[in-house]
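Please read the following account alongside the coordinates, moving from whole chains to single elements and then to the place where two chains touch.

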Amino acid sequence: MDRDQPALSASGVDKVYGKGDALVHAVDQVELEVARGEAVAIVGPSGCGKSTLLYLLGGLERPSAGTLTLAGQRLDRMPESGLARLRRHSLGFVFQAFHLVDELTAQENVELPALLAGASPRRARKRAQELLEQVGLSDRAGHLPSALSGGQRQRVAIARALANEPLVVLADEPTGNLDSAATTDVLRLFDQLHENGQTLVIVTHDTRIAATADRLITMRDGAFVDETSLTGGSSRTLAAMTGLQG
Amino acid sequence: MGRLLLIYRLVLGDIKRRRVQSALLVLMIVTTTTTLTLGLMLHHVSPDQFARTRLATRGPDVVAEVGPAPGSSRPAAKQLASLLHAPGVAATAGPFPIAFVQLTAAHRISVPVQAEGRDVAPTAVDQPLVTSGHWVRTGQAVIEQGLADSLGLRVGDTIRLRGRAFKVGGIAVTIEQGFYPGTIPGLVWLTHTNAGQLATPAVPLGYILDIKLTNPGAALTFADMPALNALGSATPNEPSMIEPWQGIRTDDYKLISLNQKVLLVGSLLLSLLAIASIAVLVGGRMAEQTRRVGLLKAVGATPSLIAAVLLAENLLLALAAAILGLIGGDLLAPLLSSPGQGLLGSAVAPQLTGSTAVIVVAVAAAVATLATLAPTIRGARTSTVRALNNPAQAPRRRPGLIAVSAALPVPLLLGLRLVARRPRRAVLSAASLMIAVTMVVTAMTVQHDLAATGQRRVPYVGLFISTAVSSAAHANHLLIMLSVILVVLAASSAISTAWAAVIDAQTSTALARALGATPRQISAGLTTAQLLPGLAAACVGIPAGLLLYQLAGGHLNEASPPLLWLLAVIPGTLIAVAAVTAIPARIGARRSVAEVLRSE
Amino acid sequence: MPLQNASRNQSQPEPSSGYQLRVVQEVLLALLVREPSYGYQLQAQLQLALGPLAAALNGGHVYVTLNRLEKAGLVVSTRVPQGDRPDRKVYELTTAGDERVREWLADTGWPKPAPAEFHLKLVAAAAAGIADAVGIIDAQRHALLLGLRDAQRAALGEPDGSIAGLLLEGVVLRLQADLRWLESCARYWNAKRGS
């Protein structure tokens, strides 16, 4: 894939549910381009369609209209098997509900994407161990999800999302089910990933997560209503915010 | 009143929301109730028809017959004369002439028959009872009931005997010989003149004599008397026969009992399938229902209200299924009855009696209650929070299987892990499939038994052996129908089981898809998860089927199908299971991943 | 839907520097309760407590404040000769100062001002008709987000259990609350603009 090509893009994307009077535009004519290494946060009130948009971007849902590309390939026309294969190496997904497999240990959970992609058990295990170390959970590798806290589970899920070195990591309300302390852990992790050059698209209603992004997009009723760039600025502003001045 | 309305709304709402699951549940229960209905209905077939017919037709105690002897010096009729005044004889009728001819029916079917010449006036011994039409007239034939049913002949049809046209004037029953196709050739009555006209120099007339004894019980000894045997031994070229009425009854009952055996075995198996399906049903719904109980508790419903809601929903579905099952059984049963049995009272198809209906409805209600009890009790015992969060048995962890599966290709990995995670469901699937395999194997065995027996039947008249028309043919037909029905029911049960398993694995497969598994891999994984129980089912079902046949009264040494056939059941089962799982798997794969994962 | 991005990406003007922080006075007084201290010692303690935010306090601020407190009679200073170096002042709490400290510690007033000023800014802008309320909100939101980002980065940089980290957590949460309120403002003023 060309270096200058955006990691993913959406053009004229629509998603409608229902019909007639009950027609709902979950996503309404969205245009988006995410460059490699960029971190984009999408915020908005509940039901504004941001999660739907994320699933569309990841090929987990089909658009009603418009084009979607991931890693330079058109998603909207691809058959299900092609999408699955594309997801293997181009996409890592982090869910609000974690969706870890209950009867597998943390390590086995992180191994799963590699195994599904056809890697040997040994390679998958090695990669899983590396990733668990990266997220700081090496000592919990043998624990079942039920023995982990919410924050730890989400970190395992993030490790899993990174298993196949994806081009993009999509996160749907990653801290939605977490308390403040766990949110900080996950926040730190996303910050690190961003610094390492991982392309991120995060849907959230938590402004703390949103503040880690390069770009913040606000959605309402299925459409983008605002876009802010968060690069630049200085801590002088911070001091002013806290009322410490002199 | 308000409570009833609330219950009604809750029940209807839930059914509407889970349309597919409700339909599956109804399907499974319908399978159960249909099989049960059939089993009960078939059980009623077989009153003592022979005795009734014997009484009504003034049946003979002994029948003596001398076959045609071309070029014989002694006229056949004379040979029978010595029996007219033998000791123990109370009355006789005949000797009546018999012509051996081919009967050709309108649709070009041609079978050998013996055409008996009879008086128009009734005789004291063996007066066939006309069940439709009238007795012999010139130019008209009366057909034996079994023969008429087999050929589909009715009063008014035209038949040809040795090329001569006759109108079918009537249909009658007799016990002079066993009914067709239990005994061949079939029997047809004509006037004396007409019968005489059918003889040729090559095949002259034979003669038959009906004898009534003073002591009917002595018929067997009578038939063994040396003097009579002399009838046949003197000239080997003159075929002859002396048949006591018990022998004729045996002939008739061989056919009836064969049919009955088939039906009995069938009804046993059907009932077993019913029970197995119930177990699968109740077991499969547990998790979901426990969660509902938790939910209702959490919103403040009293235990009695919860029980009422669950019971109402289960009852509603079960009763709907019961009615469908009764209708289905009623529609299918005639296919399994035995029309064409040439005895009184046998032309009637099995009836759907009130008691059958009551039993079926009761069973359906029992299933509903059982299915309600278990989760209600469980929900009452567990705390609400646990019931909500942990509705199913938490999936078991089997480190060995997990490690092993990691090294396998993706479909096997998925399949093995799916089975490992819900072993109980796998066991239930295996049980339900095992019943199906058992049925197929038993059906195969009965079929094989018939084929073997059919071939050993001794032909009556050397000149007219026809293997195309054997006594086994009808039972065979019966068996084929039964097998088809069993297979259809087994298939529907297998489909419901597979579908339920696919739904159960929804989240797992959606996650796998999100992580990069293709629909084909998912489909193969789901199939694999069903194949393992299928394999177990096949291995256990084969001996079980043979055992069941034995238990139902068959003779295994003669009847056992060739080993190769039996072994072929294994791959056959696997292919069937794979096919049946592929459909819901494919449909499940179309659902968008997002939809499944978001609803969790 | 076209977005008006252009204005937002320009750098923000420097905020006014004449804003006095009253609470620093009471803090210095309280730091002197245990024992008298040199000015530089008080400065060091403040910097430890504020962490990265201490940069907002320039060096002279502490001494200027101590001067004012002396003029108000809440502290007294004593010169201490340092040999060949310039004299240093030791500061000591007076009775009045002590009383003031205890009053301050017992006071439960919450110093952060209510968002009345910003609220009035929007109302006034709408009335004056020279600036778009929604535009002002967006600009402020952008600024707060940058602040949030910086506070967060700073917080993540602090080791676990650091006292400055606690302050930063407070900053973050406040900014979050403010941003939430700004969202409500945006909804309101957007609707108003539409009608």
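The paragraphs below take up the chains, their sheets, a pair of helices and an interface in turn.

This is a predicted model, in which local features need pLDDT of at least 70 and side-chain atom pairs count only at pLDDT 80 or more, while totals for chains, interfaces and linings use all residues. Residues are numbered from 1 along each chain as its sequence is written, and chains are lettered from A and ligands numbered from 1 in the order in which they are written.

Chain A has eight helices and 10 strands, where helices (H or I, at least four residues) and strands (E, at least two) are DSSP runs, numbered from the N terminus. Of the 246 residues in chain A, 54% are buried; a residue counts as buried if 20 or more other C-beta atoms lie within 10 Å of its own, as exposed if 12 or fewer do, and as partly exposed in between, with C-beta atoms placed from the backbone. Among contacts in chain A between residues at least 6 apart in sequence, 67% join residues at least 24 apart, a contact being two residues whose C-beta atoms, placed from the backbone, lie within 7 Å. Chain B contains 21 helices and 10 strands, and buried residues make up 50% of its 600 residues. For the contacts in chain B with a separation of 6 or more, residues 24 or more positions apart account for 86%.

The sheets come next. Strands of a sheet pair through backbone hydrogen bonds, either parallel or antiparallel. Here two strands are taken to pair if DSSP finds at least two bridges between them. In chain A, four strands form an open sheet in the order S2-S1-S4-S5, with antiparallel pairing. Its edge strands are S2 (24-34) and S5 (73-74) of chain A, each of which pairs on one side only. Strand S4 (residues 65-70) of chain A is joined to S5(A) by two bridges, and these strands run antiparallel; within this pairing, A:Thr69 has A:Arg74 in S5(A) as its bridge partner.

S1(C) is joined to strand S3 (residues 85-93) of chain C by two bridges in the antiparallel sense, and C:Ser37 has C:Tyr91 in S3(C) as its bridge partner.

In chain B, strand S9 (residues 206-213) is mostly covered, since eight of its eight residues are buried. Both of its faces are covered: B:Gly206, B:Ile208, B:Asp210 and B:Lys212 are buried on one side, and B:Tyr207, B:Leu209, B:Ile211 and B:Leu213 are buried on the other. Strand S1 (residues 62-66) of chain B runs antiparallel to S9(B) and is joined to it by five bridges, with B:Ile208 as the bridge partner of B:Glu65. Strand S2 (residues 89-104) of chain B also pairs with S9(B) in the antiparallel sense, over seven bridges, and there B:Ala93 stands opposite B:Asp210.

We turn now to helix packing. Two packed helices are described by the angle between their axes and the distance between the axes. The axes of helix H3 (residues 106-116) and helix H5 (residues 150-161) of chain A come within 8 Å and cross at roughly 30°, where axes are lines fitted to C-alpha atoms, for helices over the stretch in contact, and angles run from 0 to 180 degrees between N-to-C directions. H3(A) and H5(A) are therefore roughly parallel to each other, given that angles under 35 degrees count as roughly parallel, over 145 as roughly antiparallel, 65 to 115 as roughly perpendicular and the rest as oblique. Where they meet, A:Ala106, A:Asn109, A:Val110, A:Leu112 and A:Pro113 in H3(A) contact A:Val156, A:Ala159 and A:Arg160 in H5(A). By class, this contact has six nonpolar, one polar and one charged residues; Ala, Val, Leu, Ile, Met, Phe, Trp, Tyr, Cys and Pro count as nonpolar, Asp, Glu, Lys and Arg as charged, and the others, Gly among them, as polar.

Finally, 24 residues of chain A are in contact with 26 residues of chain B. Helix H2 (80-90) and H3 of chain A each supply at least two residues of the side of chain A that touches chain B, and H2(A) gives the most, with six residues. That side of chain A divides into 13 nonpolar, two polar and nine charged residues. On chain B, B:Leu515 lies in the loop between helix H17 (506-514) and helix H18 (519-551). B:Leu515 is buried, with 25 other C-beta atoms within 10 Å, and, leaving aside its neighbours within four places in sequence, is in contact with A:Leu112, A:Pro113 and A:Leu116.
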